[in-house]
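Okay, thanks for coming, everyone.

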Amino acid sequence: MSIKENLIEIKNTFKNQDCLLVAVSKTKPVQAIQEAYEAGIRDFGENKVQELVEKQEQLPKDIRWHMIGHLQRNKVKYIAPFVHLIHGVDSFKLLKEINKQGKKVDRIIPCLIQIHIAQEDSKFGFDQKELDEMLDSTDIQSLQNVKIIGLMGMATFTNDEPKVKAEFRRLKNLFEALKTKNLPSNFELREISMGMSGDYLLAQEEGSTMVRIGSAIFGSR
Ligand SMILES: *Cc1c(COP(=O)(O)O)cnc(C)c1O
């Protein structure tokens, strides 16, 4: 099946047509992205800064580039001028660096806070305590060049559907609980980025607003 056919088939399975499809194009050539672009996709996700920058230079300028992977602080400067959304903000230090680089290029950079919902230790993200500490700190208020528009999470890599569903539900519940709090002015919570090729339907059932789908569109890596 072609990339276009895959996209149509995936969209047809969506439980919620308002959920944004972010096409994860990491490791795939620009021609593959071009093909998805011609099929109407404008949101693409990459997890490596260098690859993201190279593709951004070569492809149409109306593409919205999502940084979805672990982001090193010393690389934020390369994507700050154009990145549409940073999904994996996994530390307060990283958020401060994004703010600093946003200020330099006179942008307010949209970010999602990554929450550690999986059982594996290998996945990045805040736990409840770290999140509370960040929210209670006084300097979060001063970060005027970032906007926290939601949360992101990755479920455990397993076929155990009830387990994956429960992890997504935890993220959704945390999101709803956060929204009831008196948050700093640079918070405007509206997005939950959860779900990949193997679990996006479960994620949509649990309230995902953005799914990050790679291999189901572009083939295995
Ligand atoms: C690679 C990746 C995806 C997409 O994974 P697929 O299983 O290929 O859909 C989604 N999110 C993140 C953070 C990734 O690194």
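Predicted model: local features only at pLDDT ≥ 70, side-chain atom pairs only at ≥ 80, totals over all residues.

Leucine 174, then: if we skip its neighbours within four places in sequence, leucine 174 is in contact with Ile115, Gln128, Leu131 and Leu151. You'll find leucine 174 in helix H7. And is it buried or exposed? Leucine 174 has a relative accessible area of 13%, and since the cut-off for buried is under 20%, leucine 174 is buried. Now pick isoleucine 217 as well: from leucine 174 that's 43 residues along the sequence and 30 Å in space, C-alpha to C-alpha.

With a relative accessibility of 44%, alanine 166 counts as partly exposed. Draw a line from alanine 166 to valine 105 and you get 40 Å between the C-alphas, for a sequence separation of 61 residues.

Next stop, glutamate 120. Where does glutamate 120 lie? Glutamate 120 is in the loop between strand S5 (109-115) and helix H6 (128-136). Glutamate 120 comes out at 25% relative accessibility, so glutamate 120 counts as partly exposed. Which residues does glutamate 120 touch, leaving aside those within four places in sequence? The answer is Ala155, Thr156 and Phe157.

The residues around the ligand are Val24, Lys26, Ile68, Met152, Met154, Met196, Ser197, Arg212, Ile213, Gly214, Ser215 and Arg221. By type, that shell splits into six nonpolar, three polar and three charged residues.

Let's zoom in on the polar atoms. From an oxygen atom of the ligand to a polar side-chain atom of lysine 26, the distance is 2.7 Å. Glycine 214 puts a backbone N or O atom 2.8 Å from a ligand oxygen. Serine 215 does it with the backbone too: one of its polar backbone atoms is 2.8 Å from an oxygen atom of the ligand. And how much of the ligand's area does the protein cover? On its own the ligand has 390 Å² of accessible area, and the protein covers 89% of that.

Back to lysine 26, then. The unreviewed UniProt entry annotates Lys26 as "modified residue: N6-(pyridoxal phosphate)lysine". Lysine 26 sits in the loop between strand S1 (20-24) and helix H2 (30-38). Its relative accessibility is 19%, which is why lysine 26 counts as buried; the cut-off there is under 20%. Not counting residues up to four places away in sequence, lysine 26 touches Gly45, Glu46, Asn47, Glu51, Lys55 and Arg221.

Glutamate 46 belongs to strand S2, residues 43-46. Glutamate 46 is at 0% relative accessibility, so glutamate 46 counts as buried. The side chains of glutamate 46 and serine 25 make a polar contact of 2.7 Å. Beyond four places in sequence, the contacts of glutamate 46 include Lys26, Thr27, Ile33, Trp65, His66 and Ile68.

Thr27 brings me to the backbone. Most residues other than glycine have a negative phi. Threonine 27 has a positive one, with phi near 70 degrees. Threonine 27 is in the loop between S1 and H2. At 54% relative accessibility, threonine 27 counts as exposed.

There's another one to look at: aspartate 106 isn't a glycine, yet its phi is positive, about 60 degrees. Aspartate 106 is in the loop between helix H5 (92-104) and S5. Buried or exposed, what do we have for aspartate 106? Aspartate 106 is exposed, at 70% relative accessible area.

Lysine 26 reaches a ligand oxygen with a polar side-chain atom at 2.7 Å, while glycine 214 uses a backbone N or O atom at 2.8 Å. That's my tour, so over to you.

Note on methods. Residues numbered from 1 in each chain as written. Heavy atoms only, no water. UniProt positions renumbered as here; feature names shortened; annotations may be inferred. Helix = DSSP H or I, 4+ residues; strand = E, 2+ residues; numbered from the N terminus. Buried < 20%, exposed > 50% of the residue type's maximum accessible area, 1.4 Å probe, protein only. Contact = heavy atoms within 4.5 Å. Near = heavy atom within 4 Å. Polar contact = N/O pair within 3.5 Å; in protein donor to acceptor, adjacent residues only side chain to side chain. Areas by Shrake-Rupley, 256 points an atom, 1.4 Å probe, with all protein chains shown as cover. Nonpolar A, V, L, I, M, F, W, Y, C, P; charged D, E, K, R; others polar.
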